[in-house]
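I opened the model to look up a handful of residues and the helices around them. My notes follow in the order I checked things.

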Amino acid sequence: MIELTNLAKNLKDLRKQYEYTQTKVANEIGITCSSYQAYEWGTAYPTLQNFVKLANLYGVSLDELIE
């Protein structure tokens, strides 16, 4: 299984770079804010569908989200 240790930091960094709130990102990908917060805190991981939505939102590849 691939380690996703950098995912939380990358999501937070991208969100801040784009000046988005956690609520905006959550709404854009169709989840609750608390679910998105768990992604940034590293306590939960997105589904594959949400990984794709996040990558599309930020214009990055899936690899870039986890590297």
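In which helix is Glu40 found? I located Glu40 in helix H3. Helices here are DSSP runs of H or I with at least four residues, strands are E runs of at least two, and both are numbered from the N terminus.

**Ground rules.** I am working on a predicted model, where local features need pLDDT of at least 70, side-chain atom pairs count only at pLDDT 80 or more, and totals for chains, interfaces and linings use all residues. Residues are numbered from 1 along each chain as its sequence is written, and side-chain values use heavy atoms, with hydrogens and water left out.

**Entry 1: Glu40.** I checked burial next. Glu40 has a relative accessible area of 8%, so I log Glu40 as buried. The cut-offs are under 20% relative accessible area for buried, over 50% for exposed and partly exposed in between, with a 1.4 Å probe and protein chains only. I then looked for a polar partner. The side chain of Glu40 makes a polar contact with the side chain of Arg15, at 2.5 Å. A polar contact is a pair of N or O atoms within 3.5 Å; within protein, one must be able to donate a hydrogen and the other to accept it, and residues adjacent in sequence count only if both atoms are side-chain atoms. Not counting residues up to four places away in sequence, Glu40 touches Ala8, Leu11, Lys12, Arg15 and Gln22. Contact means heavy atoms within 4.5 Å.

**Entry 2: Gln22.** The side chain of Gln22 makes a polar contact with the side chain of Gln37, at 3.0 Å. Leaving aside neighbours within four places in sequence, the contacts of Gln22 are Arg15, Cys33, Tyr36, Gln37 and Glu40.

**Entry 3: helix H2.** I widened the view to residues 22–29, which make up H2. Gln22, Val25, Ala26 and Ile29 are buried there. Seen down the axis of H2, these buried residues fall within an arc of 100 degrees, so they line one face of the helix. The arc is that of the directions from the helix axis to the C-beta atoms. I noted the general rule too: an α-helix has 3.6 residues a turn, so residues three or four places apart point the same way. The cover over the buried residues of H2 includes helix H1 (7–17), H3 and H4. Just after H2, Gly30 takes a positive phi of about 80 degrees.

**Entry 4: helix H4.** Which residues of H4 are buried? I listed Asn50, Phe51, Leu54, Ala55, Leu57 and Tyr58. They cover an arc of only 160 degrees around the axis, which puts them on the same side of H4. Leu48, Gln49 and Asn56 are exposed on the other side. The buried residues of H4 pack against H1, H2, H3 and helix H5 (62–66). Just after H4, Gly59 takes a positive phi of about 65 degrees.

**Entry 5: aromatics.** I ran the ring search. Rings of Phe, Tyr and Trp (its six-membered ring) pair if their centres lie within 6.5 Å; planes under 30 degrees apart count as stacked, over 60 as edge-to-face and the rest as tilted. By this rule I count 4 aromatic pairs. Tyr36 and Tyr39 form an edge-to-face pair, 6.0 Å centre to centre with 75 degrees between the planes. Both tyrosines, Tyr36 and Tyr39, are buried. Tyr18, Tyr20 and Tyr58 form one aromatic cluster. Lys24 lies over the face of Tyr20, at 5.0 Å from the ring centre. A charge sits over a ring if NZ of Lys or CZ of Arg is within 6 Å of the ring centre and within 35 degrees of the ring normal.

**Entry 6: Ala44.** I placed Ala44 in the loop between helix H3 (33–41) and helix H4 (48–58). Ala44 counts as partly exposed because its relative accessibility is 26%.

**Entry 7: whole chain.** I finished with the overall numbers. The secondary structure of the protein chain comes to 5 helices and 0 strands. Buried residues make up 39% of the 67 residues.
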